[in-house]
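Biologist: Could you walk me through this one before I go further with it?
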Amino acid sequence: MDAQMAEISEAGCYAALTHGHLQVQEIMDRVRSPQAGAIVLFAGTTRDNFAGKPVRELQYSAYTPMALKTMLSICRDVLARHGLKSIAMIHRLGTVPIGEESILIAVSAPHRQAAWRAGEEALEDCKKHVEVWKREEFEGEGGVWRANRDGLPGQKVNKDEDEHH
């Protein structure tokens with residue numbers, strides 16, 4: 001295991017947090033199965049704007065022990081509900097520059113419909129429940145800490161404030 005990575009797994013389920021770059025091929029290989037007719041991969045990337053404001057980068061932090069347990073629980077639930085062969089999710093922590101991946105979720109299933117549904121459900125559950133927070137750093141101004149959910153208001157942070165609340 002990479003010194004910058006924390007991971008947890010059990011039959012058909014894998015969850016990890018890392019400060020390193022995310023590797024698409026590695027996560028797809030984790031879910032590959034001869035019984036699977038489909039692998040669906042979601043890659044969430046840092047975009048260059050939020051609500052019309054130019055974003056410089058995102059910074060992610062987590063309560064790692066709890067986040068891993070929550071991620072594994074989501075994997076278990078989605079695996080069982082959709083009859084998957086396997087599911088894996090990995091979230092990047094620290095600074096994630098524009099255009100780079102912050103999360104990868106891969107699922108394998110006998111048929112594509114289940115894989116599509118499971119991938120989306122896993123992402124939404126991850127964003128809703130996992131103990132990961134992001135700080136959006138904007139060009140020319142301070143950052144905003146927010147829960148790792150789409151569109152929710154954040155708390156403005158001045159540039160001179162301590163980055164580690």
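Modeller: What follows is a short talk about helix packing and ring contacts in this predicted model.

Biologist: At what angle do H2 and H3 pack?
Modeller: Helix H2, residues 64-82, packs against helix H3, residues 112-129, at an angle of about 155°, and their axes are 10 Å apart. Angles over 145 degrees count as roughly antiparallel, so H2 is roughly antiparallel to H3.

Biologist: And is that crossing left-handed or right-handed?
Modeller: The crossing of H2 and H3 is right-handed. On the H2 side the contact involves Thr70, Ile74, Val78, Arg81 and His82, while the H3 residues include Ala114, Ala118, Glu121 and Cys126. Sorted by class, this contact has six nonpolar, three polar and four charged residues.

Biologist: Switching to rings, how many aromatic pairs turn up?
Modeller: Searching the whole structure gives zero aromatic pairs.

Biologist: Which charged groups sit over rings, then?
Modeller: Arginine 30 lies over the face of tyrosine 14, 3.6 Å from the ring centre, and the charged end of arginine 146 is placed over the ring of phenylalanine 50, at 4.3 Å from its centre.

Key
Residues numbered from 1 in each chain as written. Predicted model: local features only at pLDDT ≥ 70, side-chain atom pairs only at ≥ 80, totals over all residues. Heavy atoms only, no water. Axes fitted to C-alpha atoms, helices over the stretch in contact; angles between N-to-C directions. Helix = DSSP H or I, 4+ residues; strand = E, 2+ residues; numbered from the N terminus. Parallel < 35°, antiparallel > 145°, perpendicular 65-115°, else oblique. Left-handed = near helix turned anticlockwise from the far one by under 90°. Contact = heavy atoms within 4.5 Å. Nonpolar A, V, L, I, M, F, W, Y, C, P; charged D, E, K, R; others polar. Phe/Tyr/Trp six-rings, centres within 6.5 Å; stacked < 30°, edge-to-face > 60°. Lys NZ or Arg CZ within 6 Å of the ring centre and 35° of its normal.
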